[in-house]
Amino acid sequence: MNILKKIGKTLLCAFALFQCYVLMRLYIFASCVIPTGSMTPTLQKGDYIIASLQIPGYRVWKEDSCGHLSVHRKKGIRKVSKGDVVVFNFPYASGKDRMRLESKLYYCKRCVAVPGETYKWKAKARERQVYLPRRGEELAIDSLSYRDYRKCIAYETGEQVTRKGGTILLGDSAIRSYRFRQDYYFMRGDNVSDSYDSRNWGILPEDFILGVGRFVWFSRDKKSGKVRWERIFKKI
C-alpha cells in the first residue's frame, strides 16, 4: 500500500512539473535552434537558445473564417530595444509578394533600429535608408515611399497597394498618407556579409516578433557532432 502511495505521489509530482513546463513554454520562454551562421560570432550554427516571450509580451493568435491569423499581445516586461537578438516569424514564408503571419518558419537576427528611427546601409555601392514607422504615426505615401511601405500597408489592411503613375491606390482608393497600426523594426544578422535580413526583404512589424534571445542552453557542432560545452549557458 505504501508503495502504491509513493508511486501515486511521484506521478502527481511529475504531472505537476510537466504542467508547469507547458505553461512556461506557452507564456514565458521558447527554445530555438540556430540553423545557419548568419549571427556569428554571437550565435553559431548548432546553438540552442532560450528566448523570452515576455519581451515584448507573449502573443495570443486568432484565426478568422478565411484562415488569416492576427495577433493580440499581452503586456510584457518591455519593448524590443536596439541591440536585442530577436526571434521572429519570417514574414515571407509563403512568397515575396505579400506578408503573411505563419508559424512554420522562424528567423533570429539582431534589432539594429527601432520605431521612430531611420536606418541607413549600403547596397551595391549605393546608400539606402528607411524610416521605421511607430504605431499611430501618419506618413506621406508617394512614389518614393511606396517601395518601403506597400507590403506593410497591405498586411495591416488586407488590401492590395498599387501604383498607377504618381498615384498610390489602396484597393480602389487613392491615398496620399497612411496611419500605421504597428511598430516596425529593422533586423540584421551579425555576420553582415552572409545574412538574409531586412536589407533584403524589408522592415518587420511587431506582430511577427516571438521574443528576445537570452542565453544558449545547449550547443553541438553540426559537422563533428561534438557538444560545445564552453557555449552552454553563454549569455546572448
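Tutor: Glu137 has a relative accessibility of 15%, so it counts as buried (under 20% relative accessible area, with exposed over 50% and partly exposed in between; 1.4 Å probe, protein chains only). The model is predicted, so local features need pLDDT of at least 70 and side-chain atom pairs pLDDT 80 or more, while totals for chains, interfaces and linings use all residues. Residues are numbered from 1 along each chain as its sequence is written, and side-chain values use heavy atoms, with hydrogens and water left out.

Glu137 forms a salt bridge with Arg134, at 3.3 Å from N to O (a salt bridge is a side-chain nitrogen of Lys or Arg within 4 Å of a carboxyl oxygen of Asp or Glu). Arg134 is partly exposed, at 40% relative accessibility.

The next residue to look at is Arg135, whose salt-bridge partner is Glu206, with the closest N and O atoms 3.3 Å apart. Arg135 sits in the loop between strand 8 and strand 9 (138-140), and Glu206 in the loop between strand 15 (204-205) and strand 16, so this pair ties together parts 71 residues apart in sequence. Helices (H or I, at least four residues) and strands (E, at least two) are DSSP runs numbered from the N terminus. Glu206 is buried, at 5% relative accessibility, whereas Arg135 is partly exposed, with a relative accessible area of 47%.

Arg135 is also reached through its backbone: the side chain of Asp183 lies 2.7 Å from the backbone nitrogen of Arg135. Asp183 belongs to the loop between strand 13 (177-179) and strand 14 and is buried, at 10% relative accessibility. Leaving aside neighbours within four places in sequence, Asp183 is in contact with residues including Arg134, Arg135 and Glu206 (contact means heavy atoms within 4.5 Å). Lys79, Pro115, Pro133, Leu204 and Pro205 are also among the contacts of Asp183.

The side chains of Arg128 and Asp148 meet at 3.8 Å, N to O. Arg128 is in strand 8 and Asp148 in helix 2, 20 residues apart, so distant parts of the chain are linked. The whole structure has 13 salt bridges.

In soluble globular proteins, nonpolar side chains tend to be buried together.

Ile153 touches Ile141, Gly158, Val161, Leu170, Tyr178 and Phe180, not counting residues up to four places away in sequence.

Strand 5 has 5 of its 5 residues buried, so it is largely enclosed by the rest of the structure. Strand 5 runs antiparallel to strand 6, joined by 5 bridges (two strands pair if DSSP finds at least two bridges between them). Here Val87 has Cys108 of strand 6 as its bridge partner. Strand 5 also pairs with strand 16 in the antiparallel sense, over 3 bridges. In that pairing Val87 stands opposite Gly211, and Val86 is the bridge partner of Val212.

Strand 16 is mostly covered, with 8 of its 11 residues buried. Strand 2 (residues 47-52) pairs with strand 16 as well, antiparallel over 6 bridges, and Ile49 stands opposite Val216 there.

Lys109 is buried yet has no salt bridge, and the nearest side chain of opposite charge, Asp197, is 5.4 Å away (Lys and Arg count as positive and Asp and Glu as negative; His and the chain ends are not counted). The side chain of Lys109 does make a polar contact of 3.0 Å with that of Ser195. A polar contact is a pair of N or O atoms within 3.5 Å; within protein, one must be able to donate a hydrogen and the other to accept it, and residues adjacent in sequence count only if both atoms are side-chain atoms.
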